[in-house]
Amino acid sequence: MSPARQRAAAPIPNRTGGLRPAIAKHVGWSDLDRRAVDTVRVLAADAVQKVGNGHPGTAMSLAPVAYLLYQRVMRHDPSDPKWLGRDRFVLSCGHSSLTQYIQLYLSGYGLELKDLEALRTWGSLTPGHPEVHHTKGVELTTGPLGSGFAAAVGMAMAQRRQRGLLDPDAKPGASPFDHHVWVLASDGDMMEGVTHEAAALAGHQELGNLTVVYDQNTISIEDKTEISFSEDVAARYTAYGWHVERVDWRASGGHADYVEDVDALDAALARSRRSPRPTLVLLRTIIGWPAPTRQDTGKAHGAALGAEEVAATKVLLGFDPKKSFAVERAVLTHARAVKARGKALHREWNTTYAAWRRANPDRAALLDRLVSGRLPDGFETSLPTFAPDAKGLATRAASGKVLGALADVLPELWGGSADLAESNNTTMEGQPSFIPRAKQTREWSGGPYGRTLHFGIREFGMGMILNGIALEGLTRPYGGTFLVFSDYMRPSVRLAALQQAPVTFVWTHDSIGLGEDGPTHQPIEHLASLRAIPGLDVVRPADANETAHAWAEILRRSRPAGLALSRQNLPILERGRGKDKAASATNTAKGAYILYEASTGTPQVILIATGSEVSLAVAAREQLEKSGVGTRVVSAPCLEWFAEQPAAYRERVLPKAVRARVSVEAAVPQGWRDYVGDVGECVSIDHFGASASAAVLFEKFGFTPERVVAAARRSLTNASRKDTRP
């Protein structure tokens, strides 16, 4: 038993004359600190009780943990939530949002009591789960369990990469770019598979800048977790290569002797800072502590405690049971003194930062650009230009060449693949791997500050890690896999869109055109499914030059995007002015554009295609034009970008008066009816593929110029019939 546990063994009389549970004394903690922790508990109970739904129990039992982090452990400045030198805090158990909200209130980040009273209501700064860009002090959106943990691994990786870009030679702990990532996680986080993927990679990467406090309260909505969860988590994380600390506040096994040994936790957190590996602090708590009848129950996890239980808890802690949201002035004044501590830390950091800027003017200029989010002037001139070629180039290969060309121009751009680097073409030629030196391989050399990421076969974890890298703030990540495996990634892609994190997902092998691997690997419904995600740009370039300009526009827009790229070669179109030349690929930025105009000026039929099917539309146009049908081909690499163009431009490309239209895409037709209208036709596929060569599959499933021509003629017939109806 630690000295703090011994000091706290006896209950402390409360103001009502009864006995209240004791908080272990912490070195430097005063009675006001302990009162502040108890205030957190009653505020959590009050907030959930007022709205009638939510999660009070974890916020109550984690009150001393969160208070310790915000008041004593983390380096942060409430007066400047975006301070570059701050530690990052991630509440992976986002359902316990009050754990963070109340600390943001007490610390002076701008939340006030009225915000806590408005928990989970319309227009409040305190939504059900913390949301980045919505509440000051929230670093990322932690909704689904496990997502915050995995994204925090990305933050830790990004911190190391940023240090390598800006201050690689500084001694450990001496750089202004050294900061720590702190995570609070729950039993639910540990059950989710994405934390396994991310934790395994974090251990492999030896991320000593990451500490996860795992609140092992053994309670979920279905009550005791033993019903579904009995593994030795500490042993698992040790096997991952993590440093593991155990702090057991319920060592006696009972409730009567439960002691919140803050000293022991503080010591474990201090050791985690010094560890060269990521740290898991396994903290055993009692959920809902000290609610008299709801503690250690599933009822405390996901529902209001009830008026009687809230009142009884207040009596136990020495609060007036008739008052809600009561915060003593002395407590608030004391807690908000952390602002002075934060400013002092900030001033100290400024001294180191100013010295770094003087010694590193070029890197300082780079940092200024990264902080502003600006791209280098004229970066587009570095993009490769691809000569016309009928045999062509796969857009995945073109993407790889674009990345190689941008490597020296955009040092902030980095990424890799989920074990598919050669297939995805996501490796910048000559760039070192991001890996501890002892873990280099024969094929991949590098170091801790490298640039090429190796995620292993961990698509979901990769997606969440990319989100964390982007939200760390200074670098632009990308990650690759096959388009069909975007299914594994979907929750991370959705969260990227929700947070508007500038992540580029590189999805190759984008259709039945991947061929012999068969229907399990051939995406059919994926493009439509991804286009359904608000805020995600789905980009499917038609040839190598569209691919180059797609990358440029993705980087300019600085928001989440998915590049769907071909495995098979696609003809590289001849661009320029003239009857038989395609329009400039710079038009890619508009999302859809007139690739080839009809010989008749105003077209009789419009063929709209994406990706590898654009060449089919071009071939079909030749046949239709020879038969006297004025045919326009529209390349539509990104429908989201096209939707943002002015109405006049969209009307020029797809005039309402031209009703005969055909969409051509090797995917389900969902969504295309909006573009082809009631008399249009969709050349598409509404069934799974097969195992055969790409050429055979395209022929067997009707992706041929002849089928496009037939669809165009049907649409023309349908349009003429409707036009002549009385």
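Helix α22 is followed by Ser558, a residue whose phi is positive, near 55 degrees. This is a predicted model, in which local features need pLDDT of at least 70 and side-chain atom pairs count only at pLDDT 80 or more, while totals for chains, interfaces and linings use all residues. Residues are numbered from 1 along each chain as its sequence is written, and side-chain values use heavy atoms, with hydrogens and water left out. Helices (H or I, at least four residues) and strands (E, at least two) are DSSP runs, numbered from the N terminus.

**Helix α22**

- Helix α22 covers residues 544–557, and its 14 residues should span 20 Å at 1.5 Å a residue, which agrees with the 20 Å between its end C-alpha atoms; the expected span is 1.5 Å times one less than the number of residues.
- Eleven of the 14 residues of α22 are buried, so the helix is mostly covered, where buried means under 20% relative accessible area, exposed over 50% and partly exposed in between, with a 1.4 Å probe and protein chains only.
- Among the buried residues of α22 are Asn545, Glu546, Trp551, Glu553, Ile554 and Leu555.
- The N-terminal end of α22 is capped by Asp543, which places a side-chain oxygen 3.2 Å from the backbone nitrogen of Asn545.

- The 20 residues of α7 should span 28 Å at 1.5 Å a residue, and the end C-alpha atoms of α7 are 28 Å apart, which agrees.
- Helix α7 is mostly covered, with 20 of its 20 residues buried.
- Helix α7 (residues 147–166) packs with helix α19 (residues 459–472) at an angle of about 50 degrees, their axes being 6 Å apart; axes are lines fitted to C-alpha atoms, for helices over the stretch in contact, and angles run from 0 to 180 degrees between N-to-C directions.
- The two helices α7 and α19 are therefore oblique to each other, since angles under 35 degrees count as roughly parallel, over 145 as roughly antiparallel, 65 to 115 as roughly perpendicular and the rest as oblique.
- The crossing of α7 and α19 is right-handed, meaning that the near helix is turned clockwise from the far one by less than a right angle.
- In this pairing, residues of α7 including Ala150, Gly154, Met157 and Ala158 belong to a group that meets residues of α19 including Met464, Gly468 and Leu471, with contact meaning heavy atoms within 4.5 Å.

**The surroundings of His509**

- His509 is found in the loop between β16 (504–508) and α21 (526–531), and His509 is buried, with a relative accessible area of 4%.
- Not counting residues up to four places away in sequence, His509 touches residues that include Arg396, Phe482, Pro523 and Arg567.
- The C-alpha atoms of His509 and Val484 are separated by 8.0 Å, although these residues are 25 apart along the chain.

**Backbone features in loops**

- Most residues other than glycine have a negative phi, and most peptide bonds are trans.
- The peptide bond from Trp289 to Pro290 is cis, with omega near 5 degrees, and Pro290 lies in the loop between β9 (279–284) and α12 (299–302).
- Asp296 is placed in the loop between β9 and α12, has a positive phi near 65 degrees, and counts as buried at 14% relative accessibility.
- Asn425, in the loop between α18 (421–424) and β12 (433–434), has a positive phi of about 55 degrees although it is not a glycine, and Asn425 is partly exposed, with a relative accessible area of 23%.

Definitions and conventions. Polar contact = N/O pair within 3.5 Å; in protein donor to acceptor, adjacent residues only side chain to side chain.
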